[in-house]
Amino acid sequence: PVVQQAYDQGIIFTTLNTALPDSEAKYAPQGLGFVGAPNYDAGFALAGEAARRANLAAGDKVFVWGLRGQGGDRGQRAVGVIDAFEKVGAEVIYQEIDQATNADPNAGTATFVGVMGANPDIKIVVTDHGGLTSNVGVYANAAGLQPGQVFFAGFDMSPNSAQAVEQGYQSLVIDQQPYLQGYLSLLNVCLTKKYGFSGLHINTAGAFVDQTNVAAVAPLAAVEIR
């Protein structure tokens with residue numbers, strides 16, 4: 001309804017990070033675009049890449065800590081992760097991120113330790129949340145895990161995530177490149193206003209970060225460019 005109200009008043013409206021596909025289909029000619037990660041595709045891509053790198057086989061256990069319960073476009077990222085693992089035939093242990101952990105990742109430490117203690121043969125852990133991904137080193141230490149003992153994959157770069165990659169705890173991060181989400185969405189509005197261009201639809205989640213490129217990315221993450 002807010003999109004309809006905006007365009008009725010002559011206000012250019014666009015989206016970033018979370019898509020509004022029905023509104024975009026209707027108002028793309030008037031400038032409504034999307035800059036961000038298609039959540040299902042990003043989840044599927046990360047899990048598929050993690051499975052390949054960790055040599056995941058049918059019957060292996062994986063732990064997905066996500067926000068599937070939120071539903072809508074946001075919930076689709078966890079769905080994509082689960083679908084990719086199930087395609088390989090892995091056994092998926094799923095845990096919804098509770099409100100306390102969503103607000104403060106440290107609050108989830110006991111949950112993580114409990115899941116890993118009950119399932120010591122978990123091969124891959126996926127954190128479907130930037131805050132949790134940045135806290136992987138804390139979780140691993142609390143559970144008594146050595147760097148590289150479990151393949152951690154997650155979403156969103158941050159200084160802490162970069163440090164965890166450098167230390168060997170975090171194996172893989174898919175970077176949504178949020179700087180582009182902020183910059184290109186505003187550029188979208190300007191181009192529509194000045195030249196009448198239609199909405200841009202841009203996928204910003206094409207970058208994987210691991211130990212081979214973290215040295216280049218870490219300084220940019222520190223100033224919120226990556």
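Is T192 buried or exposed? The points below take this up along with other features.

1. **Basis.** This is a predicted model, in which local features need pLDDT of at least 70, side-chain atom pairs count only at pLDDT 80 or more, and totals for chains, interfaces and linings use all residues. Residues are numbered from 1 along each chain as its sequence is written, and side-chain values use heavy atoms, with hydrogens and water left out.

2. **T192.** T192 is buried, because its relative accessibility is 10%. Buried means under 20% relative accessible area, exposed over 50%, and partly exposed in between (1.4 Å probe, protein chains only). T192 belongs to helix α10, residues 178–195. Helices (H or I, at least four residues) and strands (E, at least two) are DSSP runs, numbered from the N terminus. Setting aside residues up to four places away in sequence, T192 touches I12, Q30, G31, F197 and S198. Contact here means heavy atoms within 4.5 Å.

3. **The sheet.** Six strands make an open sheet with mixed pairing, ordered β4-β3-β5-β6-β7-β9. β4 (91–96) and β9 are the edge strands; each has a single partner, so one side of each lacks a neighbour in the sheet. On average, neighbouring strands are turned by 20° against each other, direction ignored. Two strands pair if DSSP finds at least two bridges between them.

4. **β3 and β5.** Strand β3 (residues 61–66) runs parallel to strand β5 (residues 122–127), and five bridges join them. In this pair, V64 stands opposite V126 of β5.

5. **Helix α3 on the sheet.** Helix α3 (residues 39–53) packs on the sheet and touches β5, β6 (151–155), β7 (170–175) and β9. The direction of α3 makes about 165° with that of β6. Axes are lines fitted to C-alpha atoms, for helices over the stretch in contact; angles run from 0 to 180 degrees between N-to-C directions.

6. **Helix α11.** In α11 (residues 214–222), the buried residues are V214, V217, A218 and A221. They lie on the same side of α11, because they cover an arc of only 110° around the axis. That arc is taken from the directions from the helix axis to the C-beta atoms. A215, A216 and P219 are exposed on the other side. The cover over the buried residues includes α9 and β9 (207–209). E224 follows α11 and has a positive phi, near 65°.

7. **Q167.** Q167 sits in helix α9, residues 159–167. Q167 is partly exposed, because its relative accessibility is 42%. Not counting residues up to four places away in sequence, Q167 touches P147 and Q211.
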